[in-house]
Amino acid sequence: MILARFSYQYNGFLKASEVKKAKLPTIISKKAAKTSDQPASASQLAALKKEITKAEAVQKKTIYKLSSSYRRDYLDYALSNAQKALSGNKGEVTFAKWLLANSETYLNGKKAPVTNINKLSKAEYERVRRIVSDVAPNGYMTTIYYKRADGT
């Protein structure tokens with residue numbers, strides 16, 4: 001059995017015979033795989049530290065704050081994994097760097113444009129409601145109170 005990624009959120013098992021039919025991208029070369037258990041070089045660690053700093057900066061941005069909670073969790077996991085990999089081998093550092101870069105592109109947060117926050121139209125209300133419900137951690141219910149254009 002081979003573990004294969006076949007969507008953004010889920011992993012699953014495929015039979016080896018099925019994989020022969022599909023072309024899967026090579027993430028690591030044979031040479032790199034043979035040396036992956038050796039200690040990481042200073043340049044690899046510096047590159048990972050740069051990615052960690054970049055990810056920590058992303059956590060302070062609006063795109064992170066307004067992303068869905070599971071997407072923020074993915075970045076948080078990748079960041080903690082990268083921090084642990086700083087004392088690891090070449091393979092762990094390479095994977096941690098890839099995971100961080102992938103998790104940053106996975107964020108989906110954006111602002112909802114509104115004309116007047118005190119008087120939301122129905123469409124504006126729905127946009128804000130969707131963002132707030134996506135941002136809330138799973139299992140939490142959100143309530144939004146707003147004043148309609150007619151003053152009620």
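1. Ala-40 touches Leu-45, Gly-88, Asn-89, Lys-90 and Val-93, once residues up to four places away in sequence are set aside, where contact means heavy atoms within 4.5 Å. Ala-40 and Gly-88 stand 48 residues apart in sequence, yet their C-alpha atoms are 6.9 Å apart in space. Ala-40 sits in the loop between helix H2 (30–34) and H3, and with a relative accessible area of 16% Ala-40 is buried; here buried means under 20% relative accessible area, exposed over 50%, and partly exposed in between (1.4 Å probe, protein chains only).

2. The model is a predicted one, in which local features need pLDDT of at least 70 and side-chain atom pairs count only at pLDDT 80 or more, while totals for chains, interfaces and linings use all residues. Residues are numbered from 1 along each chain as its sequence is written, and side-chain values use heavy atoms, with hydrogens and water left out.

3. The protein chain holds 7 helices and 2 strands, and from the N terminus the elements follow the order β-β-α-α-α-α-α-α-α; helices (H or I, at least four residues) and strands (E, at least two) are DSSP runs, numbered from the N terminus. Of the 152 residues in the chain, 26% are buried, and among contacts between residues at least 6 apart in sequence, 61% join residues at least 24 apart. The accessible surface of the chain is about 11100 Å², with 57% of it belonging to carbon and sulfur atoms, as computed by the Shrake-Rupley method with a 1.4 Å probe, where for residues only the protein chains shown count as cover.

4. Helix H3 (residues 42–58) has 17 residues and spans 24 Å from its first C-alpha to its last, close to the 24 Å expected at 1.5 Å a residue, the expected span being 1.5 Å times one less than the number of residues. Its buried residues are Leu-48, Glu-51, Ile-52, Ala-55 and Val-58. Viewed down the axis of H3, these buried residues fall within an arc of 115°, so they line one face of the helix; the arc is that of the directions from the helix axis to the C-beta atoms. On the other side of H3, Ala-42, Ser-43, Lys-50 and Thr-53 are exposed. The cover over the buried residues of H3 includes helix H4 (62–65), helix H5 (69–85) and helix H6 (90–105).

5. In the largest nonpolar core, which has 18 residues, Leu-48, Ile-52, Leu-75, Ala-82 and Leu-100 touch the most other members; such a core is a set of buried Ala, Val, Leu, Ile, Met, Phe, Trp, Tyr and Cys residues joined through side-chain atoms within 4.5 Å. H3, H5 and H6 each supply at least two residues of this core, and the largest share, 6 residues, comes from H5. Apart from neighbours within four places in sequence, the contacts of Leu-75 include Ala-55, Val-58, Tyr-64, Leu-100 and Leu-107.

6. A search of the whole structure finds 1 salt bridge, defined as a side-chain nitrogen of Lys or Arg within 4 Å of a carboxyl oxygen of Asp or Glu. The side chains of Lys-54 and Glu-104 form this salt bridge, at 3.7 Å from N to O. Lys-54 lies in helix H3 and Glu-104 in helix H6, so the pair ties together parts that are 50 residues apart in sequence. Lys-54 is partly exposed, with a relative accessible area of 44%, whereas Glu-104 is buried at 14%.
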